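Me: I'd like a close look at one part of this model, please. Take me through it slowly.
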Amino acid sequence: MFSLQETVIRKTLPILRHTIKGITNHDLFFSACFKIADLGCSSGKNTLLVASKIINVVTEMCKENNCKPPQFQVCLNDLFENDFNNLFKLLPSFYSKLKEENGENSCLCFISAVPGSFYGRLFADKSLHLVHSSYSLHWLSQVPEGLESNALNIYMAETSPPGVFQAYGKQFKTDFTKFLQMRSRELVCGGRMVLTFAGRSVADPTSDDGCCLWELLAQSLLDLVKEGLVQETDINSFNVPVYYPCEDEVRNVIENEGSFSLECLTTFKVNWDPFDDDYKNVNASDEASQTHGENTAKMVRAGMEPLLASHFGKSIIDGLFQKYKKHVAQHQANNKTRFFNFVIALAKK
């Protein structure tokens, strides 16, 4: 069974393959070195899964064009706190598998880490051929300003005042525009980006696939308020630095920024529970919903625990996610909400 990130990556591979084929029209990887950046790479095996797939596709394309594969430089990027040492420990097996898949005379591949925020500059001008990012761009550079009125919510919710929706939308527009501007300087002309991130299926920001996951977490925090373990004022001062845009928002930023042509925009859904492969039923049985609740809670905890512990303290974390998995299980039994995702392929003009 695949993790959420691995499921998303595997669903993206056909778009990635098609995009790499498009690069052949610009002869970009017939040069000596093909440079790839994986932005928001995290520190698990999925990072190197992406790199190996890209290398294999480029090698395959070169064989079809009767040319020698280039050398590869793969730059792995994430925030300074990322555990890059864990990635480096995976490299021996990665190189061994690469040689196994492409033969003893396989292409040379050089991997390096580039720590820092992808909302700023990371690479030299016109130095990249392909940028990949999976499940990172829905994370904002900061919590939006002006959320003081979002009482007892930790994200956009039905009870949020209009200013909260506007603040989140403005922050996404600012961040995504900045991201495109930075990459436009770093990519060569004709270079490509394949970006996958969570979004929402409709314009309404309070739709289930837009905010439900976070409303259930807010309910769990409020349960702890009733038990005297969390202060209401602490919830009022906590908001999640995430935004799930709708399609129009994504298209508008790309068009207004102007540096890229949108070659492809597709969408797909994945279950909250990364180990749940049932996409037929709109709700879950009681037994299945309990499993989905537990797996979803583990997945959200993996991403959110540092932020929650920093704000509320480590002592409440176990109890919080015990309550959260129960709320998720109850919700999944009635309405099997899924993550809505975008995959976009962009070409540098």
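Me: How many bridges join strand 1 to strand 4, and do the two run parallel or antiparallel?

Reply: Four bridges join strand 1 (residues 33-39) to strand 4 (residues 128-134), and the two run parallel. Here strands (E, at least two residues) and helices (H or I, at least four) are DSSP runs, numbered from the N terminus, and two strands pair if DSSP finds at least two bridges between them. A quick word on the ground rules: residues are numbered from 1 along each chain as its sequence is written. This is a predicted model, where local features need pLDDT of at least 70, side-chain atom pairs count only at pLDDT 80 or more, and totals for chains, interfaces and linings use all residues, while side-chain values use heavy atoms, leaving out hydrogens and water.

Back to your pair: A37 stands opposite V131 in strand 4. Now zoom out to the sheet. It's an open one of seven strands, in the order 3-2-1-4-5-7-6, with mixed pairing. Strand 3 (109-115) and strand 6 (260-271) stand at the edges with a single partner strand each, so one side of each has no neighbour in the sheet. On average, neighbouring strands are turned by 15 degrees against each other, direction ignored. Angles in general run from 0 to 180 degrees between N-to-C directions, with axes being lines fitted to C-alpha atoms, for helices over the stretch in contact.

Something also packs on this sheet: helix 3 (residues 84-102) touches strand 2 (71-78) and strand 3, where contact means heavy atoms within 4.5 Å. The direction of helix 3 makes about 165 degrees with that of strand 3.
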